[in-house]
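Here are some questions and answers on how the terms used for this structure are applied. Each answer sets a value against its definition.

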Amino acid sequence: MPEFLQYLASHITEKYSEKLKDISLVFPSRRAGLFFKNILSRNSKEVMWMSEVLSVVDFVSKYSGIKIENNIILNFELFEVYKKCFKDETFDRYYQWGNIILNDFDAIDKYLAEPEKIFKNIMDFKKIEERFPTELSDDYKNFWKNLQNEDTDEKKEFLKIWEKLGSVYKDFNCVLSAKKAGYEGLAYKYLLNNLKQKKIRINKHKIIFAGLNLITPSELGIISELIKRGQCEIHFDCDKYYYEDKLQEAGHHIRKSVKRINEIITGNELNPDEILFLNLSEELTAGKKNINFISSPTTTGMVKSMGSKLSDFIRTKNADEKTAVILPEESILMQVLYSVPEEIKEFNITMGYPFNCTLLYSFLILLKELHKTCRSRNGKTEFYLPDFKKLLLHPYLKFTDTGLTYKLINTLTKKNIIYLEPLNNAALKETFNKADKEIPDIFAKIFSYTPDTGKFRNYLNEIIKSVYDRIEDSKTEDDSYKKFQFEFIFSFYNTFALIYEYTGRQKIEIDISTFWKLLIDISSRIRVPFSGEPLKGMQIMGLLETRCIDFENIFILSMNEGAFPKSSSEISFIPYVVRKYFHLPTFEDEDSVYAYYFYRLIQEAKSIYLFYDTEPENTSKGKSRFLLQIEKELIRKNTSIKFSEKKLSPGVETYTIHPVTIEKSEQVMNLIRGIKGLSASAFISAITCKLKFYFDYILRLREPDEIEEEFGAATLGSIYHAIMQLLYQRYTGKIVTGKIINSLIDNIENKFDNIFDQALTDVSRKEKKTISLGQSPKNNLYKHIIKSLVKSTLECDFESSPFIIISLEEKFSKDIEFPDGEETGKISLNGYIDRVDSIDNVIRIIDYKTGSNHFRELKRGEISTFLDYIFSDIKCKDSFQIFFYAYSYAVNSNNKYKPVIYYVNARSEILKEVKKDPLTKDEFRDFESRIRGVLTDIFNPEIPFSQTENTESCKYCPYRDLCYRNT
């Protein structure tokens, strides 16, 4: 049974048994009050009036008469005041400051700081020094002087806002007071002032404040007034370990509060025994405890180890109602819920789940990005395909028909469609028609985009409703999944409606991008509550919910520095030096609060399991300071503590990577025999890595297509080839002179845009995908590069002119026979030759290369050495390819053939002749013999497909993961 609350219940029933209905109990949280009422009712042996039980915030709100609004409403109210001081301020610019200003105003009022002094106009610093000559510390003075001397845009913006915050504060308080509404600090200050002026009388015999830790000056003022009236008791919940040791930060605030309350009691000559109750425990220094540290390398491992330990514990102790799982980090709640062991039949979640960790939030983010990148053309809205794809792959859409979703994405990607109008896109309609399915209704809702903020509410409502219907109609057996999703949708819908109501009510002009920004920012702050039976079973709690409540068995996760205690991330307009000077809260106060939460939580517990992550990410660091304090301090002071530490690690299985080979089974041989033709690239693959050849040409694996907004190397090469074909196609079969080439160079200079556009059209048609300049600035740069490459080629051709063009981009095919076991096999060699021309009766087989040089020259009399190189070294692949083309093209043995490569990207020599003289019949025969050898190996069932030994060639291979060459 919770010790502190049990003590308190016994105290009031013994002392105020006849006046329970005239007692108010004020706790730090509603959760503590709920547990207290349960204990009080259990302790009662007869029917009685229940005392009033409130949280501190509810107590202040009730008796001040101030309705404490949420930050969404307060932000809109603040803007109305803010824009009077900043005439040209838009809501978009204001909103980034709104929450910061609200938090600062709240702190000022709770800590009873004087806004007139804090927000004093510091532009004339001498006036401040004259007014407060002795009060100001050197740090305070130096801060403002340094700020004024640094002339940066950020400092100017800060000073501009700072100058007017005093006026904003004053006017904002007037507006809220008139409406009897406000933030917490305003309600605290309002109640205190009215108590001082005796405008408020709380008709209760006693108001008992229980379990408070950090008591703000405004709270202390309220307590002081109630003490003077003889209406107040204060009960602290603490342990001697941290209260009596002044070096222990956990007791810092209670020690300070006790001192101030004693001063009030003494000053009014009252009996402290009737007012102040410390309830000092000695459990931390003398109680028997079992403390266990358990670490795991990952967050998932940490959660799973908690589930396993919890399962073992519940089976042996059967104490789930006395057990709590504490989550300092809310984001891991879902993982924890799926790790709760089956032995626990009932559990209650007493914490909110961050909306920004939900599927709905991620869906909204994708929807926002889709709208951000869309464009309007010819009165129609087109959406950016990468963002369209991300939305399609979201679970809300994908799980309706996963296979069809991927088919649609692959179709659109292959066509390289950058922007599309989904509901009118032919490829999209065709994909759904082939599957005999209609385009989902949610598509029509999502892609009926409107930039009109006024119509946006209906637009988003329709989409959310459609999502709701799809989840409800889904056939999942996981009822909890549906329940959670509906909770998330309901919470978002309420927030969305509130935003729309206030933007409309206050007639705030806001464009659609600002509205999205506002919606996402506010949504990220939502905490989704879970409904359940609060007093039954094991408790899964956030840290703040544990205040005043004691458990025998606790399991605390995320015991990492930065998670518990949290890293201080409070953003404020009031700088640290100013906060310190005016006694406003700083990160040191926050650290003390977290220390109290921790030690108070473990002081009554008997079995304590503390889990942390040994490889934390984000802002979390190593082991929490609280764990180190237990190790180095607590267990030395309390020898009754049984302490253990376990470091869990995933099992590491060592294994040897064996070379990957594919044996040529009958099934594989059937695939091989189905090959009708092979290109030069296929031979290069078979020569350099047989395994890659198997993946590419036997299994026909392909890398997934990607959207190409910026021209890749392949596209750049395709456009260049298309332009060269366009320039020379009218001269096929004709003599090309230097004069003609000069005219072509003039065309490139004067009409390149038209030529380039035609080339893009031709490439798009040939490759069956959309290729355009788009909106990429790099593509315009590549356009100029292509122009430069074309000019370089023409200038090189000028040096070789005159010549006769025989063919351009001609497809070739040549059959070749080879030994296939006891039979003779036959296969065709095929491909495309960029250009064939003739100079002085020598036929040149030309290949354009826009990439790097992989060339080797054939010198006279060295054919054997040359073939050894090009049939083994990938660095000679260009020479192999052009020799392959020449061999395959050379049908008439009486002609003279010379293979030539144009390295158009070369800085000096562009034209490379594989051999200075035409190739001989013997050289062709030797090449043919090597080709037959490669084919014989491919069709030989005894020779498996094996990896290359040259791992350098694996660096950019798409299959390196499959054959363990990725390290």
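Q: What makes strand S23 and S26 a parallel pair of strands?
A: Strand S23 (residues 677-678) and S26 run parallel and are joined by 2 bridges. Two strands pair if DSSP finds at least two bridges between them, so the 2 bridges of S23 and S26 meet the cut-off. Within this pairing, Leu678 has Leu829 in S26 as its bridge partner. Strands here are DSSP runs (E, at least two residues) and helices are DSSP runs (H or I, at least four), numbered from the N terminus.

Q: On what kind of model does this rest, and which residues count?
A: This is a predicted model, in which local features need pLDDT of at least 70, side-chain atom pairs count only at pLDDT 80 or more, and totals for chains, interfaces and linings use all residues. Residues are numbered from 1 along each chain as its sequence is written, and side-chain values use heavy atoms, with hydrogens and water left out.

Q: Why is strand S26 called mostly covered?
A: In strand S26 (residues 823-839), 12 of the 17 residues are buried, where buried means under 20% relative accessible area, exposed over 50% and partly exposed in between (1.4 Å probe, protein chains only).

Q: How do you know that S26 pairs with S25 and with S27?
A: Strand S25 (residues 803-820) and S26 are antiparallel over 15 bridges, and S26 and strand S27 (residues 842-849) are antiparallel over 5 bridges. Asp837 of S26 is the bridge partner of Ile805, and Arg844 in S27 is the bridge partner of Asp837.

Q: Why is H24 called oblique to H25?
A: Helix H24 (residues 479-505) and helix H25 (residues 512-524) pack at an angle of about 135°, with their axes 11 Å apart. Angles under 35 degrees count as roughly parallel, over 145 as roughly antiparallel, 65 to 115 as roughly perpendicular and the rest as oblique. H24 is therefore oblique to H25.

Q: Which residues make the contact of H24 with H25?
A: With contact meaning heavy atoms within 4.5 Å, the residues include Phe492, Phe496 and Tyr500 of H24 and Phe515, Leu518 and Ile522 of H25.

Q: What makes S14 and S16 edge strands?
A: Strand S14 (375-377) and strand S16 (419-420) each pair on one side only. The open sheet has 3 strands in the order S14-S15-S16, with antiparallel pairing.

Notes
Axes fitted to C-alpha atoms, helices over the stretch in contact; angles between N-to-C directions.
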